[in-house]
Amino acid sequence: MRTEGMGRVIAALVAVAAVGGCTVQAAENDGKSPVRIELPKSSPAPSTEDEKPSAQPSKTPPKVLLAPGDTGRDVRELQARLRQVAWIFEGPTGTYDGTTEEAVKGFQGKRGLPRTGETDTVTWQRLLKMTHEPGKWELYLMGGQPADKPDARCLTGRVLCISKSSRTLRWMVDGRTEMTVPVRFGSEYTPTREGVFSVYWKSRHHVSTLYDSPMPYAMFFSGGQAVHYSSDFAARGYAGASHGCVNVRDEAAIAELFDEVRSGDKVVVYW
């Protein structure tokens, strides 16, 4: 009876172990030998061949704020800020043109962003961190740009009133502005002098003997420095600089101004 009872115990253990994945080893069934049950040291890892990888959440692309073809004040601000970090050298036009698109691509590429040429939220935030809020003169630097308040020395007589801060030349007569044009100045190595001067010589078809370059409609006011038309300014804008002269890019305007200005008229250059 004892042997039969032990056999039943062993059979039951074998059945349980089989269900649980265990291995049961027993001595030859002599009815007296002890029963030894061994469990595996570690369970085998489940097969992953049929498992599908979990889907990665799709990354939402940044929202596009401005794109080629857009116009308006927001485009002007974009262009003014790009100009602050030297990606655009012209004044704002308010039109998202090819030049603006290429400037945005350059800015994006420099910072490891996709070079789309469109101004998305990521591009805009990076640009905001690197620039300051543009003032009125920065927003309207080209085409109808309002000059800043004229210097007090410009309010009497006939004056070429030239502001370095707004980069404009006002032609003023007795405190009244007759004409306003954008201008550029000398580089840091050949700066345009500041102060009060007077036109001492006019030369309609002047050519510089020092630099062998044309200076049409030249109105000299301080040594070799003059107000004159510049084809380089007309072609490259603010990407270049003069050797100290005050460059005008609007040839029709400077031709008219040349006829208006007389020798002895005042010239005021100021910040």
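# A mixed sheet and its surroundings

The structure is a predicted model, in which local features need pLDDT of at least 70 and side-chain atom pairs count only at pLDDT 80 or more, whereas totals for chains, interfaces and linings use all residues. Residues are numbered from 1 along each chain as its sequence is written, and side-chain values use heavy atoms, with hydrogens and water left out.

## The chain as a whole

The chain has seven helices and 13 strands, where helices (H or I, at least four residues) and strands (E, at least two) are DSSP runs numbered from the N terminus. Of the 271 residues in the chain, 39% are buried, a word that here means under 20% relative accessible area, with exposed meaning over 50% and partly exposed lying in between (1.4 Å probe, protein chains only). Among the contacts in the chain with a separation of 6 or more, 53% come from residues 24 or more positions apart, a contact being heavy atoms within 4.5 Å.

Nine strands form an open sheet of mixed pairing, in the order 8-13-5-6-7-12-11-10-9. Two strands are said to pair if DSSP finds at least two bridges between them. Strand 8 (195–198) and strand 9 stand at the edges with a single partner strand each, so one side of each is left without a neighbour in the sheet. From one strand to the next, the twist averages 30 degrees.

| Strand pair | Sense | Bridges |
|---|---|---|
| Strand 5 and strand 13 (residues 266–270) | parallel | five bridges |
| Strand 5 and strand 6 | antiparallel | six bridges |
| Strand 6 (residues 168–173) and strand 7 (residues 176–184) | antiparallel | six bridges |
| Strand 9 (residues 201–207) and strand 10 (residues 214–222) | antiparallel | six bridges |

Five of its six residues are buried, so strand 5 is largely enclosed by the rest of the structure. Val 159 stands opposite Met 172 in strand 6, and in the hairpin of strand 5 and strand 6, with four residues between the strands, Arg 167 takes a positive phi near 55 degrees. Further along the sheet, Leu 169 stands opposite Val 181 in strand 7.

Strand 9 and strand 10 form a hairpin with six residues between them, and Asp 212 in the turn has a positive phi of about 50 degrees. In this pair, Ser 203 has Ala 218 of strand 10 as its bridge partner.

Leaving aside its neighbours within four places in sequence, Phe 197 is in contact with Phe 221, Ser 222, Asp 265, Lys 266, Val 267 and Val 269. Phe 197 and Val 159 are 38 residues apart along the chain, and their C-alpha atoms are separated by 9.8 Å.

## Helices

Helix 3 (residues 98–110) and helix 4 (residues 121–130) pack at an angle of about 85 degrees, with their axes 11 Å apart; axes are lines fitted to C-alpha atoms, for helices over the stretch in contact, and angles run from 0 to 180 degrees between N-to-C directions. That makes helix 3 roughly perpendicular to helix 4, since angles of 65 to 115 degrees count as roughly perpendicular, under 35 as roughly parallel, over 145 as roughly antiparallel and the rest as oblique. In this contact, Val 104, Phe 107 and Gln 108 of helix 3 meet Thr 123, Arg 126, Leu 127 and Met 130 of helix 4. The residues of the contact of helix 3 with helix 4 divide into four nonpolar, two polar and one charged, where Ala, Val, Leu, Ile, Met, Phe, Trp, Tyr, Cys and Pro count as nonpolar, Asp, Glu, Lys and Arg as charged, and the others, Gly among them, as polar.

## Cysteines

Which two residues form a disulfide? Cys 154 and Cys 161 do, with their sulfur atoms 2.1 Å apart, where a disulfide is taken as a pair of cysteine sulfur atoms within 2.5 Å. By this rule the count comes to one disulfide. The link of Cys 154 and Cys 161 is right-handed, with 80 degrees about the S-S bond. Cys 154 is buried, with a relative accessible area of 0%, and Cys 161 counts as buried at 1% relative accessibility. Cys 245 is buried too, with a relative accessible area of 9%.
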